[in-house]
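Biologist: I have a model to go through with you. Can you put it on screen?
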Amino acid sequence: MVNRLRAGSRSGGRVGVTYKYFGAPDGATAARVPISMRPEELGGDELGMNGMFTKIKPETMAAMVLTGIEGVPLHKVPPLELVVLHPDYAVVKLPMTVVDPLRGIGEEAVGAAAFIWSTVPDRGGPRDAFNVYQLLHEWQDFSHRLHEAGHQPYCLVWP
């Protein structure tokens, strides 16, 4: 079951997993994300926060923010919380420590975090510092939207 949610041929899972990040006030609400629609049909979550689509895994996003901005060693990045595991999808909760640090930082810190992450060896995700910089800016906007709505970050994993 878990292999079906992993991308890449090394794990024997499907290729082309999409991750849709969205906000919800709690896990029960997050678990009710529409499941009858394909990710490309979802314009935003049911709460109207305009979620984000990406091919970046939630554990990679957590590590990118926590190592690049907070200086947390990769082995100390907290695990994600599984909200729903279904044969066709999963919903995970990201720790608030992944989005909160982004709200208070400026351009220099975003640039420094992007450079740091682009040099981390042996990890998945974007390798070019400018791509990481753009991604962190998207996450910074997402962080502000979550905070304003009083929501927590979740991710719909949809093969």
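Biologist: Trp-139 and Phe-142 in helix H6: what separates them?
Modeller: About one helical turn, because they are three residues apart in H6. Helices here are DSSP runs of H or I with at least four residues, strands are runs of E with at least two, and both are numbered from the N terminus.
Biologist: What should I know about the source?
Modeller: This is a predicted model, where local features need pLDDT of at least 70, side-chain atom pairs count only at pLDDT 80 or more, and totals for chains, interfaces and linings use all residues. Residues are numbered from 1 along each chain as its sequence is written, and side-chain values use heavy atoms, with hydrogens and water left out.
Biologist: Back to Trp-139 and Phe-142. Buried or exposed?
Modeller: Both Trp-139 and Phe-142 are buried. Buried means under 20% relative accessible area, exposed means over 50%, and partly exposed is in between, with a 1.4 Å probe and protein chains only.
Biologist: Which residues do ring pairs link into a cluster?
Modeller: Tyr-21, Trp-139 and Phe-142. Rings of Phe, Tyr and Trp (its six-membered ring) pair if their centres lie within 6.5 Å; planes under 30 degrees apart are stacked, over 60 edge-to-face, and the rest tilted.
Biologist: How many aromatic pairs in the whole structure?
Modeller: The search finds four. One is Phe-130 with Tyr-133, stacked at 6.2 Å centre to centre with 25° between the planes. Those two are also three residues apart in helix H6, so about one helical turn separates them.
Biologist: How accessible is Phe-130, and what about Tyr-133?
Modeller: Phe-130 has a relative accessible area of 48%, so it is partly exposed. Tyr-133 is at 23% and counts as partly exposed too. As for Trp-139 and Phe-142, their pair is edge-to-face, with 5.4 Å between centres and 85° between planes.
Biologist: New topic. What is the order of elements along the chain?
Modeller: The pattern is α-β-α-β-α-β-β-α-α-α-β, which comes to six helices and five strands. Of the 159 residues, 43% are buried.
Biologist: Which strands join to S4?
Modeller: S3 (residues 81-86) is joined to S4 by five bridges and runs antiparallel to S4. Strand S5 (residues 152-158) is antiparallel to S4 as well, with four bridges. Two strands pair if DSSP finds at least two bridges between them.
Biologist: What stands opposite what?
Modeller: Leu-85 is opposite Ala-90 in S4, and Val-91 has Leu-156 in S5 as its bridge partner. A two-residue hairpin connects S3 to S4.
Biologist: Why call S4 largely enclosed?
Modeller: Because four of the five residues of S4 (residues 89-93) are buried.
Biologist: And how many residues of H3 are buried?
Modeller: Ten of the eleven in H3 (residues 58-68), so the helix is mostly covered. Among them are Met-61, Met-64 and Leu-66.
Biologist: What covers them?
Modeller: The cover includes strand S1 (18-24), S4, H4 (100-103), H5 (107-118), H6 (129-149) and S5.
Biologist: Last one, Val-77. Where is that?
Modeller: In the loop between H3 and S3. Val-77 counts as buried because its relative accessibility is 19%.
Biologist: What does Val-77 touch?
Modeller: Leaving out residues up to four places away in sequence, Val-77 touches Ala-62, Ala-63, Leu-66, Thr-67 and Val-72. Contact means heavy atoms within 4.5 Å. Val-77 and Ala-62 are 15 residues apart in sequence and 7.2 Å apart C-alpha to C-alpha.
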